[in-house]
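Please look over the sequence and the structure shown below before reading on. The report that follows is meant to be read beside them.

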Amino acid sequence: MLYAIDISDLTHPRLIDKMKVGLHPLSVDVHPKTGDILVINRDKGHEVYIIEWKNNQFGKFISIDLEIGADAATHASWHPSEQYFGLTLEPSAQIAFFRY
């Protein structure tokens, strides 16, 4: 489950939104410009989620089947150019970049 929590008042955190992103999420990163959310997950056929963040809530999303095994991707992050995201692939010790 992916949660968005408002912590502007640390004494009263508030749940803004939540969304199911598979049973085994491993990594999350937020696009520095758009706020879109990248989630890596161990569920076969849905290893990568890209989720729109709009008006303080989760929006449309896509899930991507890497077709290389659910245990392959372990970490994700947006490239500084903001045009790509990178995935660490285990156990092959490789990194893959995807154009966004």
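## Basis of the model

This is a predicted model, in which local features need pLDDT of at least 70 and side-chain atom pairs count only at pLDDT 80 or more, while totals for chains, interfaces and linings use all residues. Residues are numbered from 1 along each chain as its sequence is written, and side-chain values use heavy atoms, with hydrogens and water left out.

## The four-stranded sheet

Strands, here DSSP runs of E with at least two residues, are numbered from the N terminus, and two of them pair if DSSP finds at least two bridges between them. Four strands make up an open sheet in the order S3-S4-S5-S6, with antiparallel pairing. Because S3 and strand S6 (57-64) each have a single partner strand, they stand at the edges, and one side of each is left without a neighbour in the sheet. On average, neighbouring strands of this sheet are turned by 20° against each other, direction ignored; the axes behind such angles are lines fitted to C-alpha atoms, and angles run from 0 to 180 degrees between N-to-C directions.

Within this sheet, S4 and strand S5 (residues 48-54) run antiparallel and are joined by four bridges. Ile40 stands opposite Val48 in S5.

## The three-stranded sheet

A further open sheet is formed by three strands in the order S7-S8-S9, and its pairing is antiparallel. Strand S7 (73-78) and strand S9 (94-99) are the edge strands, each with a single partner strand, so one side of each lacks a neighbour in the sheet. Neighbouring strands are turned here by 25° against each other on average, again with direction ignored.

Strand S8 (residues 84-89) pairs with S9 in the antiparallel sense over six bridges, and the bridge partner of Tyr84 in S9 is Arg99.

## Two buried residues

Ala76 is found in strand S7 and has a relative accessible area of 1%, so it is buried; buried means under 20% relative accessible area, exposed over 50% and partly exposed in between, with a 1.4 Å probe and protein chains only. Leaving aside residues up to four places away in sequence, Ala76 touches Ser27, Asp29, Leu38, Ile40, Gly86 and Leu87, where contact means heavy atoms within 4.5 Å.

Asp36 lies in the loop between strand S3 (25-30) and strand S4 (37-41). With the same exclusion of residues up to four places away in sequence, the contacts of Asp36 include Asp29, Val30, Ile51, Trp53, Trp78 and Tyr100.

## Aromatic rings

The structure holds five aromatic pairs, a pair being rings of Phe, Tyr and Trp (its six-membered ring) whose centres lie within 6.5 Å, with planes under 30 degrees apart counted as stacked, over 60 as edge-to-face and the rest as tilted. The rings of Trp78 and Phe85 have their centres 5.7 Å apart and their planes at 80°, so this pair is edge-to-face. Trp78 and Phe85 are both buried.

Trp78 also forms an edge-to-face pair with Tyr100, at 4.7 Å centre to centre and 70° between the planes. This pair links distant parts of the chain, with Trp78 in strand S7 and Tyr100 in the segment after S9, 22 residues apart. Trp78 has a relative accessible area of 8% and is therefore buried, whereas Tyr100, at 39% relative accessibility, counts as partly exposed. Ring pairs link Trp78, Phe85, Phe98 and Tyr100 into a cluster.
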